[in-house]
Structure formats: structure tokens, C-alpha cells
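I opened this one to jot down what the fold looks like, piece by piece. Notes below, in the order I looked things up.

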Amino acid sequence: MNAQEPTPPSPPAPDGSDQASSPTPSGLVPTARQQVQAAVHECPNCRRDFGAGVACQFCQQVAGLPSGITLSSPSKRLGGYLMEALLLLATLGIGYLIWSLIAFAKGQTPGKQVLGMKVLRLRTAQPAGWGLMFVREVIAKWLIGFLSILTLGIANFWLLWDSKNQELWDKVVATIVVDDPNRRVR
Ligand SMILES: [Zn+2]
């Protein structure tokens, strides 16, 4: 058989649909479906199955945020408490207080600013504003810190077993904490 012989035109489809616009429909359909699945389930950061949570079950990428913006790990959060204490001492308290009042506007504390962390609203994934940060840091944190005496302080480590790495004060004001060292979340 001559390979150069032109292929005879295909007979019209039995259902009358026009196949000319999609010469390989059987090849295109799965691809389109894969793209939809990718948009719904694939993590933009690690390319694995995102899972059902607010953050990727594998790499902690937060849904709806630029690739690489992940929940801060519990160990980094706990290290952050140490950083706050060091900054408090280094600035003789008053400097820390003034710095805090400025950092709150960006959803941060002095320690979070140094460590590239940011407090976001859980529902919108937008940085917490000054008012919410004030409630979180000054009211919720101290109130829960005081009440946690009843649990011998264990309640302060809530993030260790929380699926969104939330502390109880995060629960109160509906916030999460992410790593954003390059200040991409605004
Ligand atoms: Zn991921």
C-alpha cells in the first residue's frame, strides 16, 4: 500500500456532529478533564493531592495564596515565642511595645517580622488588620494564657495537635499564621 496516498475524507459522524474542529476528540477529552482535576486538587507548590483542608496535606501550602506561602510549622511558632522574648528584652520593653503597634498594621508582631511570618484571616487569607491583631495579641492571648494555668500551661501548645496549626487565640479571632519571608501576601 502506498503510504503517500492521501487519506480519504472521513464519513460524516453518525450523530451529525462536526469533527473537523476537534480531529482527535478521544485524545482531548481526558486532557481537559485532567486540567480540571489539576485546578481542583493539585497543590500548586508540591504538585501532590492538596486534600480537603485549608492547607496542603503534604507541604502546608495555603489555599488561594501564591505558591510557597505555607502554614508556619509548630516548631517555628514556638521558636517565635522565644524571639518575642529576646526582642522584648533587647528593646527594654518600651521599644517592643512601640514596634508592636506599628507591626500590627501588617498582621505581624516584632518577632514575626524578624522571622518572616504573618497572621492571616482564616476566611479570606488576607493579612489581619491592626484591630484584629490588637484583639489577638493583647486580649485573646493574655486571656487564654491566664486560663491555661488551669491546664498547667498545656493549652498554650494547642497548635501541636491542631490541623491548621492554630493556637487557641487563633481560634478566637479566626486566624492562621503563614511563612511569608518575601512579603508576597498583602
Ligand atoms: Zn503541597
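Before anything else, the burial rule I used: a residue is buried if 20 or more other C-beta atoms lie within 10 Å of its own, exposed if 12 or fewer, and partly exposed in between. I also kept in mind that this is a predicted model.

**Entry 1**

Is N165 buried or exposed? I found 22 C-beta neighbours inside 10 Å, so N165 counts as buried. I also looked up the backbone: phi of N165 is near 50°, a positive value in a residue other than glycine.

A174 gave me another positive phi in a residue other than glycine, near 60°. A174 lies in the loop between α6 and β3. Here the count inside 10 Å is 15 C-beta neighbours, so A174 counts as partly exposed.

**Entry 2: the overall layout**

I then stepped back to the whole protein chain. I noted six helices and three strands, and from the N terminus on they run α-β-α-α-α-β-α-α-β. Of the 186 residues, 23% are buried. I also looked at contacts between residues at least 6 apart in sequence: 49% of these join residues at least 24 apart.

**Entry 3: the sheet**

I went through the pairings next. Two bridges join β1 to β3, and L71 has V178 as its bridge partner in β3. Between β2 and β3 I found five bridges, with M117 partnered by D179 in β3.

**Entry 4: the nonpolar core**

Which residues have the most contacts inside the largest nonpolar core? They are V62, L71, V119, L120, I176, V177 and V178, in a core of 17 residues. The elements that give two or more residues to this core are β2 and β3. For background, nonpolar side chains in soluble globular proteins tend to be buried together.

I picked I176 from that list to see what it touches. Leaving out residues up to four places away in sequence, I176 touches V54, L71, L120, L122, K164, Q166 and D170.

**Entry 5: helix α5**

I checked the length of α5 (residues 130-147) against expectation. At 1.5 Å a residue, its 18 residues should span 26 Å, and the end C-alpha atoms are 24 Å apart, which agrees. I did note a kink of about 30° in α5, centred on A140.

A140 came up again when I listed the buried residues of α5, which are M133, R136 and A140. I recalled that an α-helix has 3.6 residues a turn, so residues three or four places apart point the same way. What do the buried residues of α5 pack against? I got β2 (117-121), α6 (168-173) and β3 (175-179).

**Entry 6: helix α3**

For α3 (residues 94-103), the buried residues are Y96, S100 and A103. They cover an arc of only 70° around the axis, which puts them on the same side of α3. On the other side of α3 I found I94, L97, I98, L101 and I102, which are exposed. The cover over the buried residues of α3 includes α2 (74-90) and α4 (110-115).

Last, I followed P74, which is found in α2. With 16 other C-beta atoms within 10 Å, P74 is partly exposed. Leaving aside neighbours within four places in sequence, I found P74 in contact with L159, L160 and N165, so that brings me back to the residue of my opening entry, which counts as buried with its 22 C-beta neighbours inside 10 Å.

I also looked up some C-alpha to C-alpha distances here. P74 and W158 are 84 residues apart in sequence and 9.5 Å apart in space. L160 and S75 are 85 residues apart in sequence and 8.6 Å apart in space. L160 is in the loop between α5 and α6, and its 13 C-beta neighbours inside 10 Å make it count as partly exposed.

Note on methods: Residues numbered from 1 in each chain as written. Predicted model: local features only at pLDDT ≥ 70, side-chain atom pairs only at ≥ 80, totals over all residues. Helix = DSSP H or I, 4+ residues; strand = E, 2+ residues; numbered from the N terminus. Expected span 1.5 Å × (residues − 1). Bend = angle between axes of the 7 residues up to and from the residue. Contact = placed C-beta atoms within 7 Å. Pairing = 2+ DSSP bridges. Core = buried A, V, L, I, M, F, W, Y, C linked by C-beta atoms within 7 Å. Arc of directions from axis to C-beta.
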